[in-house]
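Reader: I would like to learn how to read charged pairs and helix packing from a set of coordinates. Please take one feature at a time.

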Amino acid sequence: MAGGIGSRFWPVSTQKFPKQFHDMLGTGESLLQKTFSRLEKIVPASNILILTNERYLDLTLQQLPKISEKQVVLEPAMRNTAPCILLSALKIQKEDPDAVMLVAPSDHWIEDENSFKEDLEICFKNCENEDVLMTLGIPPTFPNTGYGYIECDANATSEIKKVNQFREKPDYETAKHFLSQGNYLWNAGIFLWSVKSIISAFEAHLPVMNALFSEGKPIYNTEGEEQFVAQNYGLAENISIDYGIMEKAKNVYVKEATFDWNDLGTWGALHDKLVKDINSNAIVRATTHLKEASGNMIFSEKDKLIVIDGLTDYIVVDKEDVMLIFPKEKEQEIKILLAEVANKHGKKYS
């Protein structure tokens with residue numbers, strides 16, 4: 001899934017050029033390219049579909065030369081994750097009715113790719129043999145209020161556990177309670193299932209959407225698909241796979257992940273995962289001259305000299321047409337800030 005805008009990474013991430021197409025880590029690869037490379041070790045490149053907005057087709061093909069245009073599933077309207085997953089499942093089912101599929105966001109940080117592969121192989125095998133909807137849960141390391149949680153069966157002894165319920169992003173006290181219980185995991189938004197199981201779930205829990213998209217079965221993966229999707233996609237309910245399916249279905253299971261993970265949703269999350277200097281400053285692409293500066297996230301689009309004196313726990317982003325200096329503790333407010341900037345200075349900055 002590569003259709004999000006990533007507005008909390010403004011000013012680098014914009015509607016025209018979202019974060020998944022940027023080299024946010026300073027590695028020489030965009031987040032999308034890193035995700036594709038990770039998945040290619042498990043799934044043949046020809047079997048990987050990229051779900052994104054139609055405005056990002058050229059960017060996607062430019063960054064992923066191994067794929068063909070038919071592997072890019074284009075959303076003509078922003079409708080959250082459920083519609084694009086259903087469309088993809090129906091397209092895959094037409095190719096292979098017995099297929100199992102993985103749904104993975106394009107902007108996650110995963111370091112131990114061998115453990116990631118091993119976890120997926122266990123889940124794939126389970127999905128081949130059982131009518132289940134699976135997800136990977138991340139063992140929580142602190143009471144994070146920015147993630148949703150998965151409550152699993154506390155008495156289960158197997159590595160794959162029944163999910164009792166999904167819990168929305170909690171306040172701090174609730175998050176502490178979740179950790180103390182020992183049977184709560186972070187919801188990473190990584191899902192696995194057979195196409196049979198997920199389409200059955202849509203039939204049961206989102207029947208209107210399922211009926212809408214099922215009308216296109218005769219023309220999926222043909223030249224007529226584009227016109228059908230253009231005419232019907234925008235009619236779909238705007239709903240996430242979590243709300244629409246996972247919170248309603250009774251056959252949901254979770255495997256605890258054995259790999260390190262971060263959803264890289266904010267500048268602070270990026271700061272946490274980068275190598276830092278002796279004063280805990282994380283630096284991407286900049287040459288820095290720092291005095292009494294600590295805990296900062298410093299990001300430059302180009303190798304530019306950035307001089308900072310007397311700044312602690314700030315986000316400092318240098319982009320060609322925008323300079324952002326913003327408290328890290330207020331990073332969740334960047335979405336609001338972006339709306340204010342666009343309203344006052346024009347949408348060219350968004």
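**Salt bridges and a helix pair**

Author: In this predicted model, the side chains of D318 and K304 meet in a salt bridge, with 3.1 Å from N to O. D318 belongs to strand β15 (residues 314-318), while K304 sits in the loop between β13 (297-300) and β14 (305-309). The two are 14 residues apart, and the pair links distant parts of the chain.

Reader: Is D318 buried or exposed?

Author: D318 counts as buried, because its relative accessibility is 12% and the cut-off for buried is under 20%. K304, at 40%, is partly exposed.

Reader: What is the general idea behind such pairs?

Author: Side chains of opposite charge can pair when their charged atoms come close. Here, a search of the whole structure finds 12 salt bridges.

Reader: Which residue forms a salt bridge with R285?

Author: The partner is D23, and the closest N and O atoms are 3.3 Å apart. R285 is partly exposed at 31% relative accessibility, whereas D23 is buried at 17%.

Reader: How far apart are the closest N and O atoms of K328 and D313?

Author: They are 3.9 Å apart, and the pair forms a salt bridge; the cut-off is within 4 Å. K328 is in the loop between β16 (323-327) and α11 (334-345), and D313 in the loop between β14 and β15, so parts 15 residues apart in sequence are tied together. In this pair the lysine, K328, counts as buried at 17% relative accessibility, and D313 is partly exposed at 38%.

Reader: Now the helices. How are two packed helices described?

Author: By the angle between their axes and the distance between the axes. For helix α3 (residues 81-95) and helix α7 (residues 207-214), the axes come within 10 Å and cross at roughly 45 degrees. That angle makes α3 oblique to α7. The crossing of α3 and α7 is right-handed.

Reader: Which residues make the contact?

Author: From α3 they are A82, P83, L86, L87 and L90; from α7 they are M209, N210, F213 and S214. By class, the contact of α3 with α7 has 7 nonpolar and 2 polar residues, and no charged ones.

Terms used: Residues are numbered from 1 along each chain as its sequence is written. This is a predicted model: local features need pLDDT of at least 70, side-chain atom pairs count only at pLDDT 80 or more; totals for chains, interfaces and linings use all residues. Side-chain values use heavy atoms; hydrogens and water are left out. Axes are lines fitted to C-alpha atoms, for helices over the stretch in contact, and angles run from 0 to 180 degrees between N-to-C directions. Helices (H or I, at least four residues) and strands (E, at least two) are DSSP runs, numbered from the N terminus. Angles under 35 degrees count as roughly parallel, over 145 as roughly antiparallel, 65 to 115 as roughly perpendicular and the rest as oblique. A crossing is left-handed if the near helix is turned anticlockwise from the far one by less than a right angle, and right-handed if clockwise. Contact means heavy atoms within 4.5 Å. Ala, Val, Leu, Ile, Met, Phe, Trp, Tyr, Cys and Pro count as nonpolar, Asp, Glu, Lys and Arg as charged, and the others, Gly among them, as polar. Buried means under 20% relative accessible area, exposed over 50%, partly exposed in between (1.4 Å probe, protein chains only).
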